[in-house]
Amino acid sequence: MMKGNGLTIEQVMMCLNCSKGYVYKLLQRGEIEAIEGKWPIRIDTDTIIHKIKRLYPWIVDSCISGLHYQLRQFELKYS
C-alpha cells in the first residue's frame, strides 16, 4: 500500500483533540508512528486510525471507511 505524506504534529493535535505534549507521549509509547525520513515529523494516518479505534471501538467499527477517507483528505489538503 502506498503511504501518504502523513500529518504534522499540529494536525494530529486537531484530529485527536489533544496537546502537543500528548502527541509526543503517544510517539514515545509507540501508540502512533512517525514516517521515517520526513522532516518535520509526519505521523502515519493509519496509526491515528488505530489509536482512535482503541479509544472508541463502537464508533469506529460503524464508520471506518468514512474516518479513513476524512483523514486522507485532511492529509492531502494540508500537505
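## Kink in helix α4

Helix α4 contains a kink of about 85°, centred on Cys63; the bend at a residue is the angle between axes fitted to the seven residues ending there and the seven starting there. The model is a predicted one, in which local features need pLDDT of at least 70 and side-chain atom pairs count only at pLDDT 80 or more, while totals for chains, interfaces and linings use all residues. Residues are numbered from 1 along each chain as its sequence is written, and side-chain values use heavy atoms, with hydrogens and water left out.

Helix α4 covers residues 57-78 and spans only 27 Å between its end C-alpha atoms, whereas a straight helix of 22 residues would span 32 Å at 1.5 Å a residue. The expected span is 1.5 Å times one less than the number of residues. Helices here are DSSP runs (H or I, at least four residues), numbered from the N terminus.

## Buried face of α4 and its partners

The buried residues of α4 are Val60, Leu67, Leu71, Arg72, Phe74 and Glu75. In this report, buried means under 20% relative accessible area, exposed over 50%, and partly exposed in between (1.4 Å probe, protein chains only). These buried residues pack against α1 (9-16) and α3 (45-55), where contact means heavy atoms within 4.5 Å.

On the α3 side, Thr45 lies in helix α3 and counts as buried, at 1% relative accessibility. Not counting residues up to four places away in sequence, Thr45 touches Leu7, Leu71, Arg72 and Glu75.

## Packing of α1 on α4

Two packed helices are described by the angle between their axes and the distance between the axes. For α1 and α4, the axes come within 12 Å and cross at roughly 145°. Axes are lines fitted to C-alpha atoms, for helices over the stretch in contact, and angles run from 0 to 180 degrees between N-to-C directions. The crossing of α1 past α4 is right-handed; a crossing is left-handed if the near helix is turned anticlockwise from the far one by less than a right angle, and right-handed if clockwise.

Phe74 belongs to helix α4 and is buried, with a relative accessible area of 17%. Leaving aside its neighbours within four places in sequence, Phe74 is in contact with Leu7, Gln11, Met14 and Cys15. Phe74 and Gly6 are 68 residues apart in sequence, yet 9.6 Å apart in space, C-alpha to C-alpha.

## Aromatic pair

The structure holds one aromatic pair. Tyr56 and Trp58 form this edge-to-face pair, with 6.0 Å centre to centre and 85° between the planes. Rings of Phe, Tyr and Trp (its six-membered ring) pair if their centres lie within 6.5 Å; planes under 30 degrees apart count as stacked, over 60 as edge-to-face and the rest as tilted. Tyr56 is partly exposed, at a relative accessible area of 42%, and Trp58 is exposed, at 59%.

## Residues outside the helices

Asn5 is placed in the segment before α1 and is partly exposed, at 37% relative accessibility. Asn5 and Ile35 are 30 residues apart in sequence and 7.9 Å apart in space, C-alpha to C-alpha.

Most residues other than glycine have a negative phi. Asn17, although not a glycine, has a positive phi of about 55°. Asn17 is found in the loop between α1 and α2 (20-29) and is exposed, with a relative accessible area of 72%.

How values were computed
Helices (H or I, at least four residues) and strands (E, at least two) are DSSP runs, numbered from the N terminus.
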